Amino acid sequence: MKQGMNRSIVFNFVYVLFLLATMTVSAQVNRVEPPNWWVGFKDNGLQLMLHGPDLGSYTAKVESPGVVVRKVLPADSPNYLIIDLELSSEVRPGIMDIVLLKKGKEIQVPYELKARDKAAEEYKGFDSSDVIYLITPDRFANGNPANDKIEGLRELKVDRTDDYGRHGGDIRGIIDHLDYIDEMGFTAIWSSPLLINDMPRASYHGYAITDFYRVDPRFGTLDEYKELAEKSSERGIKLVMDQVANHIGVKHWWMEDLPFKDWIHYQQGFEKGEDIPVTNHRRTVNQDPYASKADAELMDNGWFVPSMPDLNQDNPFMATYLIQNSLWWIETLGLGGIRQDTYPYPDKEFMSAWAGRIMEEYPDFNIVGEEWSYNPLLVGYWQSGSSSSGDYESNLKTTMDFPLQQTLVNALKEEERWDSGFNSLYEALANDFYYHDPQSIMLFGDNHDMDRLFTQLDEDRVLTKMALAYILTVPRIPQVYYGTEILMDNSSKPGDHGLIRTDFPGGWDGDKINAFTGKGLSAAQQDMQQAMKKLLNFRKGNQVLHKGETRHFAPQDGVYTLFRTLDDKTVVLFLNKNDEPVLIPLQRYSEMGLEGKRMRNVISGEEVIWEDMLQLDEKGFLLLTL
């Protein structure tokens, strides 16, 4: 008994000493970033950034077996210290002591090296077997009203009537409705950024990050973010993190004490209080052999908007910081992918190095980059392995198919002529010859930055169904924006981003309509939701739509037909613009070998025998499976 008490006393004494050391550190070292690391990466380097009063005047040593201090460097600001470490194969998980030294004075900084939760090969990125559900978290569901207002942050107001205000949606709201997402048939979630945006107003969207290592407390905690990842994984749902390497919010904590003189672009002008040039958005300078230096510089260096400073990835410390931050989040959350915002805006050599490092560490991972261009040449340029990019290797597996999205919407609305309508869609899909891997490209009907699909299609429910059936059938990675499944629209204010990100009905206590349960939905909304549920769950279980070969037939008489085949499986999609019944001679498709086969209508469940003629009774889509 006495021996046990002695051990307890010793343990408590050591623990108190640790707490005292930590308290001392917190008074002198404000930040250590990354806040922890892992042993076992292929690249054994680790660069720490420490921030605190006069830390640049210190040197450092590390007392831990297998850890080698490569360099200790001050920044241009006297309050930063950069420590380059090498973690040899001898390093074991645990707490290592970083000792900061200055004229006999020592500061001890305990730093944790963790064991990795799973092998790198177990990180499976999203691919064409997935359908990604895009969520704007502030507008999806309010699972914890207690975190709506956080004292000390710059924006305290919560007002659901304000399109550009905060509405209170959070991580808990997503967790609470994972069953809905799963039952609908989605297999991945891409949430707009959940990191803190401590900005004065309109910070709900998440793209003006003010701390790369802190979850916005109005969305929840890091533990809740981890819980979202874990509970999603339990359901076979991958979590895709939205990241921003190009810019930050002007209230980022760096902006009060920038580490280096070239940490952001136009830094001297900012420090003098001058107006800062905004990017010209001329993304073609990344490929254009005739681009002027002036255009290229303004595109690369200009701030995205006046409230979002442009990061200078040419600074090697900034480059390392961003790469390590992405790795930190992959390990912390066990991510199933990254969506990188405004992909062509940062330095493209940096983006190659950033993606390359991630893919080197996680060979089965995936990243999708946003290139908002309607030119397939530009979209294809960014995909890894592209023959059009010359010596440039992006290391980016997935790009976003804005060209096909635009063509799909236009084709459904246009009159059928030789140069419009389905003929345009047919020729747009034929552009796949140009892409290195078309099946790895992401296709969507809408997203958080564009009009709702139902609005784009003039609130035509039949055309909306046709668009979604096409998106879920062609060789792509489909992405669906939350609420598209219940015909959410922004038709009263086209182009209004706040309204595009409308609250999902049922996500707040007191909502009269609850789309999660179906309560209060109109007949049209219920019909769309059920049709989507059938399409999504059919797609989830059929590899023919994940990796099957594609064959399409040139449109005739207002009907466009597309086949996916794999082994003995076949799926056929008919898109039909005819308001009156139309007969389709099936002999035209004889090369597909379906004569006499019994097929099933995916939506109605009815049996169809493939012989002679097929009658399409009304405008819409027909999806058949063998």
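**Notes on the 626-residue chain**

1. The chain has 16 helices and 24 strands (DSSP runs: H or I of at least four residues for helices, E of at least two for strands, numbered from the N terminus). Keep in mind that this is a predicted model, where local features need pLDDT of at least 70, side-chain atom pairs count only at pLDDT 80 or more, and totals for chains, interfaces and linings use all residues. Residue numbers run from 1 along each chain as its sequence is written, and side-chain values use heavy atoms, with hydrogens and water left out.

2. Along the principal axes, the C-alpha atoms fill a box of roughly 90 × 70 × 50 Å.

3. On burial, 58% of the residues are buried, meaning under 20% relative accessible area with a 1.4 Å probe, protein chains only. Among contacts with a separation of 6 or more, 71% link residues 24 or more positions apart (contact: heavy atoms within 4.5 Å).

4. The largest nonpolar core has 164 residues, and Leu100, Ile181, Trp254 and Tyr470 have the most contacts inside it. Such a core is a set of buried Ala, Val, Leu, Ile, Met, Phe, Trp, Tyr and Cys residues joined through side-chain atoms within 4.5 Å. Helix α7 (residues 316-333) gives the largest share of this core, eleven residues. A second, separate core has 18 residues, including Val559 and Phe574.

5. Take Ile181 from that list: beyond its neighbours within four places in sequence, Ile181 is in contact with Tyr133, Ile135, Phe140, Ile174, Phe186, Ile189 and Ile237.

6. Not counting residues up to four places away in sequence, Leu575 touches several residues, among them Phe422, Met466, Tyr470, Val559 and Phe621. Leu562 is 13 residues from Leu575 in sequence, with 8.6 Å between their C-alpha atoms.

7. What about a charged residue, Asp163: which residues does Asp163 touch? Leaving out residues up to four places away in sequence, they are Arg139, Tyr204, Lys493, Asp496, Gly498 and Leu499. Asp163 sits in the loop between β9 (132-135) and α2 (171-176), and at 17% relative accessibility Asp163 counts as buried.

Terms used:
Buried < 20%, exposed > 50% of the residue type's maximum accessible area, 1.4 Å probe, protein only.
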